[in-house]
Amino acid sequence: MSSLWLDDHDLRVGLCFKGGGELKKAVDWCSLKGQQKCVIRETAKDEYIFECIRWKCKWSLGAARMEKHGLVEIIKYTGPHTCPPVDPEDIKSEFEADEIERVVRVKPTQTVAELKKWWKNKIGYELETSDVQSAKMEAIKRVFGDWDQSFEDLPKLMSVFHSSNGLLVDWKYHLFPNPKFASFCGVFWAFPQSIEGFQYCRPLIVVDTKNLNGKYQMKLMIASGVDAANNYFPLAFAVTKEVSTDIWRWFLTGIREKVTQRKHLCLISSPHPDIVAVINEPGSLWQEPWAYHKFCLSHLCSQFNNAFQDYYLEDLVKLAGSTSKKEEFDSFMKDIKKYNLEAQNWLDQFSQNQWALAHDNGQRYGIMEIDTTSLFAVCKGFGLADHVVTGSVLLLFDELRSSFDKSFNCSRSSLNCGDVYTKPVLDKLGEFRTSSVTYIVMPLDNNTFQVETPSQKDEWIVQLSNCTCSCGEFQRCKFPCLHALAVCKKLKFNPLQYVDDCYTLELLKRTYAATFSPVPEISAWPKVSEVPRLLPPVIPPPPPAQSPPPANKVSGTKRRATPRTTKKKS
Ligand SMILES: [Zn+2]
Ligand SMILES: [Zn+2]
């Protein structure tokens, strides 16, 4: 027996409505009363299915126009809501978040732009990019946020990136007695889009590691080039259970095998003994002439300070490392030696051209320190996804794709405006143009010029023919310093002819020219056969606590950290 719906009725099977519009009003009214929100999921002609917007809520309602009476009748009803009521103010944003989560569950690699477009088509109004971004991030966190599940999911994700985008992957794991299972030790990956772009970057790679928080306290490793605008260009990543000599060998070999075989690469890293040991191993492709191994000056200084616990000495080392003048370097070294002979011996374990700008032959392009914040900026998803690996890698893919798009479009529009060189070069030209100093330029023999300030306090020697200035900056950065610009102005030469090609917008554009392909939805992800079922890393139990030595023994000893532990500047 059917009856018509009245406002005070609850919904139930058998209720009839004149049409779909009236049914919808009734559903809306009941939702409003209960502070819930329901949407029509699918409708065929004269068929209606409503569901609660919250994906875990079981509430649903089905109705159809029945031939026997010509009315729309509720034929299926699952209620009441299992979700708690919400403040109407929050309903909209929760609705948006849940709808986006629904998509992320199916297609977690949809870009923010794709999600926005999908939303507009389906729901009819436009969402803010930042709202979609944060909704997607939250959804990834909810869907892929389980730590232990993450190790099982990761091979699937890597393999779909491989099949869709050619991702290069290398796994490290320990097999269990049953070889169908293994515990995770590490995964290395590099996108071919980055590898392609790197050939347009200067021959320089920066490597570093970062501790990941979260349940398993793993490490994130990164290798990055530097693009024409002096920004980091991410090349390869690894997540590992720990960092050791073995892991560094695996990571650096991975770069040589999968990312670049270029000769004369400058490699900038921390002077950590694990890295130094691997690079100095016989047969390593990170030695001359394949590569020049250099140290990040701030990593070197903090390692130095771990050994000597002396900020005055550390400052001297920093000054010695960053001056481009050999005489100044020598004088700082003299001071260090006078102050502490041990300190000089410590520094002598490294070749001076590994850490001192004055002894660098331009291989570092003036890059003395690793800016870890910028270096790991592309990995910010690791923090946002609570460091759960699968979710973090998904967000990294987003970040990488959008940085490619952004840099490509920026360089293209600058090129279209007729620009040729990137910001660092233009900034230097601007600095010269607005400088209040008028340099006095005097020709000496042999295409050599002496440049002086009017007070004659400072003077520099510039040789345009071999792109050098006694200030060191010209040869170090490979574009004219202020003094060389003064010479160019005097001679009416175009200074841009002395700018290294690595700073051109054309190369910047090519660096980011590769495109990423869409990734299929989860149901179409390939089956993983090359990796056993991965379980979380095995973390050795902490060593039994040792009873502390008697207090009187400690008091006289100056505490020294071992140089093995590298403290990172945050
Ligand atoms: Zn509900
Ligand atoms: Zn100069």
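This is a predicted model: local features need pLDDT of at least 70, side-chain atom pairs count only at pLDDT 80 or more; totals for chains, interfaces and linings use all residues.
How are the donor residues of the zinc ion (ligand 1) spaced in sequence? The spacing is C-x4-C-x23-H-x1-C.

**Zinc ion (ligand 1)**

- The protein donors of this ion are C52 (SG), C57 (SG), H81 (ND1) and C83 (SG), which lie 2.0 to 2.3 Å from the zinc.
- The four donor atoms subtend angles of 106 to 115° around the zinc ion (ligand 1), so the arrangement is tetrahedral.
- Ideal angles for four tetrahedral donors are 109.5 degrees.
- Distant parts of the chain are linked here: C57 sits in the loop between β4 (47-52) and β5 (60-65), and H81 in the loop between β6 (72-78) and α2 (88-106), with 24 residues from one to the other.

**Zinc ion (ligand 2)**

- C469 (SG), C471 (SG), C481 (SG) and H483 (ND1) are the protein donors of this ion, at 2.0 to 2.3 Å.
- The arrangement around the zinc ion (ligand 2) is tetrahedral because its four donor atoms subtend angles of 106 to 112°.
- In sequence, the donor residues of the zinc ion (ligand 2) follow the spacing C-x1-C-x9-C-x1-H.
- C471 belongs to the loop between β17 (468-469) and α17 (473-477), and C481 to the loop between α17 and α18 (482-491), so this pair ties together parts that are ten residues apart in sequence.

**Helices α9 and α12**

- Two packed helices are described by the angle between their axes and the distance between the axes.
- Helix α9 (residues 297-308) packs with helix α12 (residues 341-348) at an angle of about 140°, and their axes are 11 Å apart.
- The two helices α9 and α12 are therefore oblique to each other, and their crossing is right-handed.
- On the α9 side the contact is made by L300, Q303, F304, A307 and F308, and on the α12 side by E342, A343, W346 and L347.
- Sorted by class, the contact of α9 with α12 has seven nonpolar residues, one polar and one charged.

**Helices α11 and α12**

- Helix α11 (residues 326-339) and α12 pack at about 125°, with axes 5 Å apart.
- This angle makes α11 oblique to α12.
- M333, I336, K337 and Y339 of α11 make the contact with L341, A343, Q344 and L347 of α12.
- The residues of the contact of α11 with α12 are six nonpolar, one polar and one charged.

**Helices α5 and α15**

- Helix α5 (residues 147-165) and helix α15 (residues 389-416) have axes that come within 7 Å and cross at roughly 30°.
- Angles under 35 degrees count as roughly parallel, and α5 and α15 are therefore roughly parallel to each other.
- The α5 residues W147, S150, D153, L154, L157, M158, F161 and N165 meet V389, T390, V393, L394 and F397 in α15.
- The contact of α5 with α15 divides into nine nonpolar, three polar and one charged residues.

**Backbone details**

- Most residues other than glycine have a negative phi, and most peptide bonds are trans.
- G79 and P80 are joined by a cis peptide bond with omega about -5°.
- P289 is placed in the loop between α8 (273-279) and β13 (291-295).
- D46 has a positive phi, near 60°, and is a residue other than glycine.
- D46 lies in the loop between β3 (38-42) and β4.

Conventions. Residues are numbered from 1 along each chain as its sequence is written. Chains are lettered from A and ligands numbered from 1 in the order in which they are written. Side-chain values use heavy atoms; hydrogens and water are left out. Axes are lines fitted to C-alpha atoms, for helices over the stretch in contact, and angles run from 0 to 180 degrees between N-to-C directions. Helices (H or I, at least four residues) and strands (E, at least two) are DSSP runs, numbered from the N terminus. Angles under 35 degrees count as roughly parallel, over 145 as roughly antiparallel, 65 to 115 as roughly perpendicular and the rest as oblique. A crossing is left-handed if the near helix is turned anticlockwise from the far one by less than a right angle, and right-handed if clockwise. Contact means heavy atoms within 4.5 Å. Ala, Val, Leu, Ile, Met, Phe, Trp, Tyr, Cys and Pro count as nonpolar, Asp, Glu, Lys and Arg as charged, and the others, Gly among them, as polar. Donors are N, O and S atoms within 2.8 Å of the metal (3.2 Å for Na, K and Ca); water is not among the atoms, so sites may look incomplete. Four donors count as tetrahedral if all angles lie between 85 and 135 degrees; four count as square planar and six as octahedral if opposite donors are over 155 degrees apart and all others between 65 and 115; anything else is irregular.
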